[in-house]
Amino acid sequence: MKKKSSLLSEQMSAQRKRLILLGFTSLALGAAITVQAVLLAEAVERIFVQRSSLASVAGILGALIGVMAARTLLSYGNGRIGLQMASSAKTSMRAAVLRKLSNASMPMSLRGQTGGKVSVALDAVDEADSYFSQYMPRMMEAAVIPVLILIMVFAQHLNSGLIMLATAPFIPIFMILVGLQTKNKSEEKFAQLAEFSGTFLDSLQGLVSLKLFGRAHLQQQAIERSSLGYRDATMGILRIAFTNTFMLESIVMLSIGIVALELALQLLVFKSLSFQTAFLILLLVPEFYSLLKNTGTAFHSGRTSMGAIRKVEELLAERSETEASLTNWQDGGENMDKTQQTEQMDPADTPGFADRSSIRMPPIIELRDVRFRYAPDSFELAVGSISFGAGEQIAIVGKSGSGKTTLLHLLAGLLKPTSGEVLVNGRPRWQMDEALWFDQVSYITQHPYIFAGTLAENIAIGASREVSRGEMVEAAKAAGLAVVADELELGYDTPVGEGGRGLSGGEKQRLALARAFLKRPAVILFDEPTVGLDLHTERVLQRSIAELAGSATMITVAHRLYTIRHADRILYMDDGVLLDSGSHEELLARLPQYAEMVNAQRKGGFA
Ligand code: ADP
């Protein structure tokens, strides 16, 4: 429960100045409302009861206009402050969500629906708006102005004050009852909306596969179901909102009626009240109730916002928990041998890691008793201890699903071992500055990320610095991408990625290589394409990769016999275990599975 309001209170304390200002403007607004009523009552009394001349009330009328103008300005001011609070709260919440999403570890990023996350980052944060722009200003007004009005009424006429005091609580009590109901409903609505966006986006991304496998119809039904669920949740909220408004109106009308009846009795029957006082009270009473009523509406939207803020909070908290569990073992989890831990974690030795020049590159990479699981009962990778020398060319082979990619991700530092360690030049990888490490590593996947932009921009992203056009073209040439660019009308300025020209498998690989050429990494992790490329492209890629690998430690998830044979060492993975490692000849001689795999390769099968 404590967690529930942490994001809100964080936002509130960041906005303390604006809240105080809001308090002051509300107080001034309250004063303006009461003064306006007093002046109006006075003017009416003089003109209609005392029949004074217009000239004698000119001063009062002038003051009345002034107060009305002030009231309008103050109302506007309150709205402005609310909007400013909302906009800065939304900016900071969205930044927090984005920060969390972009810092998330690989397994976290892969979990759940992409669309669901987009929905939280965009819609839930937007929905939080009304908490700051509506709820807070109205609540502040409700805390200050009705009290001022009540004091004024009590000072004038005790009975009316008592009636107002007695009927007023019904409004907040009613609001709270309805508000609690809508909060649950609004959380439900968000769950529905997130699911709906998720199903929709995930379906769009997989549209081609869905069509091919004849599943499009089923998916269409899933979208329909999910959109109907969302409709029902929204209608549920609207139903409560309408009933809520109707009930509030009724309570307000009834309360004003009771006060008016009492005033009429006092004025006409008991003649114990002057016209001016009765009129003043009649002016103030609707203000009093309309403020409370506004609060009711604001309360309702505030509750809806809270449901949304909770969603954002859950997303942030979920991630922090995973991060905590990931750092647990680093802080000396039971899985680690204590002596080994102190030996490796001597802080006096660490500063070298902050300094790029002191990292010997290409580095020696070691795995020490590394184990990894995606989830408690899932596939386990247990590679034990193994070391890769500086500049060594390693090929990882094995059946599909044997854990090759997982091992590559562990080496890249995209996944953290569940136990054991990845050491770089003898130091735990995680002690290194992440940016510094990734600056030395190129990971060439089968599906390089291509963002919407020009070809040139997509290449230049490879370097973590500004690159000149010349450098970019050089890298493209080295990767064999220049011939592709030359054939395009706009050359390197051709838009690619989303909304632009698509790239073929071979072109994507060359783009990834061009990025690597810009970086000149000390470690290359390469997920070799499983699909066959044409012979020419194959040659171009082989040549480029060989050139890149000349000055780097290269670890390849290999599918081509050519790559495997030319590796210094081959690691044979089987069901998450490193079965054997050695040169091509050694493995041929002693590992029947390897010989079988090579045979299958020769006949044109896949590893
Ligand atoms: P390979 O690259 O040898 O084909 P992977 O390393 O991709 O094998 O996968 C090894 C095992 O881990 C498989 O059983 C796969 O289902 C599982 N796996 C891969 N990625 C994930 C993930 N993100 N979450 C859970 N399990 C995964």
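Tutor: Buried means under 20% relative accessible area, exposed over 50%, and partly exposed in between (1.4 Å probe, protein chains only). This is a predicted model: local features need pLDDT of at least 70, side-chain atom pairs need 80 or more, and totals for chains, interfaces and linings use all residues. Residues count from 1 along each chain as its sequence is written, and side-chain values use heavy atoms, without hydrogens or water.

Student: Take Arg 373, then. Buried, exposed or in between?

Tutor: Arg 373 is partly exposed, because its relative accessible area is 33%.

Student: Which residue does Arg 373 meet in a salt bridge?

Tutor: Glu 380, at 3.7 Å, N to O. A salt bridge puts a Lys or Arg side-chain nitrogen within 4 Å of a carboxyl oxygen of Asp or Glu. Glu 380 has a relative accessible area of 27%, so Glu 380 is partly exposed.

Student: How many salt bridges does the structure hold?

Tutor: The structure holds 16. Some join up: Lys 90, Arg 94, Asp 126 and Asp 129 are linked in a network.

Student: What does Lys 90 pair with there?

Tutor: Lys 90 meets Asp 126 at 3.3 Å, N to O. Lys 90 lies in helix H3 (residues 58–103) and Asp 126 in helix H5 (residues 114–127), so the pair ties together parts that are 36 residues apart in sequence. Helices here are DSSP runs (H or I, at least four residues), numbered from the N terminus. Lys 90 also meets Asp 129, at 3.0 Å, N to O. Asp 129 sits in helix H6 (residues 129–156), 39 residues from Lys 90.

Student: Switching topic. Where is Glu 262?

Tutor: Glu 262 lies in helix H10, residues 216–269. Glu 262 is buried yet has no salt bridge.

Student: Which side chain of opposite charge is nearest to Glu 262?

Tutor: Lys 271, 15 Å away. For charge, Lys and Arg are positive, Asp and Glu negative; His and chain ends are not counted.

Student: Which ones are buried in H13?

Tutor: Lys 404, Thr 406, Leu 407, Leu 408, His 409, Leu 410, Leu 411 and Ala 412.

Student: What follows H13?

Tutor: Gly 413 follows H13, and the phi of Gly 413 is positive, near 85 degrees.

Definitions and conventions. Helices (H or I, at least four residues) and strands (E, at least two) are DSSP runs, numbered from the N terminus.
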